[in-house]
Amino acid sequence: MTFRQRYTGLIERYRDRLPVHDDTRLISLGEGNTPLIKLHNIPDSLGKNVDIYVKYEGLNPTGSFKDRGMTMAVTKAVEKGSKAIICASTGNTSASAAAYAARAGITAFVLIPDGKIAQGKLAQAMMEGAVVIQIKGNFDDGMRLVKEVADEAPVTIVNSINPYRLQGQKTAAYEIIEELGRAPDFHCLPVGNAGNITAHWIGYSEYAGKLSDYFYNDTLEEYDKSSVTEKVPTMLGYQASGSAPFLRGEMVDNPETIATAIRIGHPQSWDYAWKVHEESGGWFDECTDKEILATQKLLAEKEGVFCEPASATSLAGAMRDIQSGKIPENSCIVCTLTGHGLKDPDTAIKQSTAPVVKVEAELGQVKSAILENM
Ligand code: F0G
C-alpha cells in the first residue's frame, strides 16, 4: 500500500504559482482542497439539463474562503516582520485573521459593525484572541478607519486590498479546473467587496495563460503562469438587493441585508470587478433576502449542504438565470458557497420549519413521534 502525501495547505500545494520563497515560513492551517459537490436534486427539480457543482468553501479551517487569502497575507506579513495585522470585517475575515495571527504568534485587531455580525464569527474572533473593536457603524466605515489607522500605526492590513489575499484566493479556481479537467462555462459568486470574484478570475486566467496586465501587481514576484487549460468561464456576480452597488452602478451608503457577510455598499475591488465583468463577458444581478434564505434552505433540505445566507446568493442567482435560459442548457456551472451554515445559527433556526417534537423519555411517546412524522 502507498500512502498519499499529507496535505499541508494551498501555499505548499501551489508554491510555484504563488509569491513565496523556499525559505519563507508558511503560516498555514491546512486550508484549501475543499469539496466540489455535484448537485443532483436541485437540477432535477429545475427541469433543465445542466451540471451544477458547489465549491464548499465553508469547509476551510475557519469555515470560510477567507482562509485561502489569509494564509498568504499573514505569511507575507510575518516574512516582512510585521507584529500585528488589522482588518475591517463583516465577520469571516475577522475570524480568519484571528486564527492565522494566533498561529503566527502575532496580534490581530478586528473592526466589526456593532450588532451586525453572525454569532459564530464573533465567537471565533474572541476565542482566537483577536482584539475585537466593535464600531457604531457599518463595514464601509470600518474599512475607512482601518486604512486611516494603518497610515499611523505599525499594522498590516489583511483585507482584500492586500494583494496577497487575492493571490491565495485564486487557488480555488485552480482546484476546480484540476477536478473537472476543464474550466466551467459559468462561475457564480456572491459579491461584497468583489475581492473573491477578482481572485477567481485571476486564477482562471492564469491557468489559461491569459492573465491581463490589469491584474498584475508589482508587489508580486514572478511566478509560473504557464497555461494548463484553454478556456476561461463567464463570471457571474450576485448581490443582495439592499446592498447591490454593482447593480445600481454606484456606491450604496446604507446597505442592508439579512446576509450580513455581504452587507457592503462601497466595494473595495470596484474597478477590478468591472474589469472581470468586461473580460469574461459576465454579468451582475441581485437577489432579494427572501430568495437568498429560500435557497439556503433548499440547498440544506435537498442536498444536505449547509451554507451561510450570503453564500446561497450564488446559487439563488444561478437558479434564476438557468430557469430564464440566460444560462443555457448543457452548461457546466460552479457556484461558490463562501461560508459554512454554522457561522450563523440564529438566522438558520429562525427560518427553519423542521418539526421539533418534545416528548417524555419513554418508548411509547418516541415511537408515536416517529410514526406521526414518517
Ligand atoms: N460570502 C461570505 C460568506 C463573505 O464573508 C464575504 C465577504 C463574501 C461572500 C463576499 O466576498 O467581499 O470578496 O466579494 N466577507 C468579508 C468579511 C467582507 O469581512 O468577512 P467579497
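Me: How do helix α3 and helix α4 pack, in terms of angle and distance between axes?
Reply: In this predicted model, helix α3 (residues 66-79) packs against helix α4 (residues 92-104) at an angle of about 40°, and their axes are 9 Å apart. That angle makes α3 oblique to α4.

Me: Is the crossing of α3 and α4 left-handed or right-handed?
Reply: The crossing of α3 and α4 is right-handed.

Me: Which residues make that contact?
Reply: From α3, the contact uses Lys 66, Asp 67, Met 70, Thr 71, Val 74 and Val 78. From α4, the residues are Asn 92, Thr 93, Ser 96, Ala 97, Tyr 100 and Ala 104. By class, the contact of α3 with α4 has six nonpolar, four polar and two charged residues.

Me: Another pair, then. What is the arrangement of α12 and α13?
Reply: The axes of helix α12 (residues 289-303) and helix α13 (residues 309-324) cross at roughly 95° and come within 8 Å. The two helices are therefore roughly perpendicular to each other.

Me: Which residues of α12 and α13 make the contact?
Reply: On the α12 side they are Glu 291, Ile 292, Leu 293, Thr 295, Gln 296, Leu 298 and Leu 299. On the α13 side they are Pro 309, Ala 312, Thr 313, Leu 315, Ala 316, Met 319 and Arg 320. Nine residues of the contact of α12 with α13 are nonpolar, three are polar and two are charged.

Me: What about Ser 205: buried or exposed?
Reply: Ser 205, in helix α9, is buried, with a relative accessible area of 1%. Not counting residues up to four places away in sequence, Ser 205 touches Lys 210, Leu 211 and Val 232.

Me: How many residues of α8 are buried?
Reply: Seven of the 10 residues of α8 are buried, so this helix is largely enclosed by the rest of the structure. The buried residues are Thr 171, Ala 172, Ala 173, Tyr 174, Glu 175, Ile 176 and Ile 177.

Me: Where does Ala 194 lie, then?
Reply: Ala 194 lies in the loop between β7 (186-190) and α9. Although not a glycine, Ala 194 has a positive phi of about 75°. Most residues other than glycine have a negative phi. Ala 194 is also buried, with a relative accessible area of 4%.

Me: What is the phi of Asn 33?
Reply: Asn 33 is not a glycine, yet has a positive phi of about 60°. Asn 33 lies in the loop between α1 and β1 (36-38).

Definitions and conventions
Residues are numbered from 1 along each chain as its sequence is written. This is a predicted model: local features need pLDDT of at least 70, side-chain atom pairs count only at pLDDT 80 or more; totals for chains, interfaces and linings use all residues. Side-chain values use heavy atoms; hydrogens and water are left out. Axes are lines fitted to C-alpha atoms, for helices over the stretch in contact, and angles run from 0 to 180 degrees between N-to-C directions. Helices (H or I, at least four residues) and strands (E, at least two) are DSSP runs, numbered from the N terminus. Angles under 35 degrees count as roughly parallel, over 145 as roughly antiparallel, 65 to 115 as roughly perpendicular and the rest as oblique. A crossing is left-handed if the near helix is turned anticlockwise from the far one by less than a right angle, and right-handed if clockwise. Contact means heavy atoms within 4.5 Å. Ala, Val, Leu, Ile, Met, Phe, Trp, Tyr, Cys and Pro count as nonpolar, Asp, Glu, Lys and Arg as charged, and the others, Gly among them, as polar. Buried means under 20% relative accessible area, exposed over 50%, partly exposed in between (1.4 Å probe, protein chains only).
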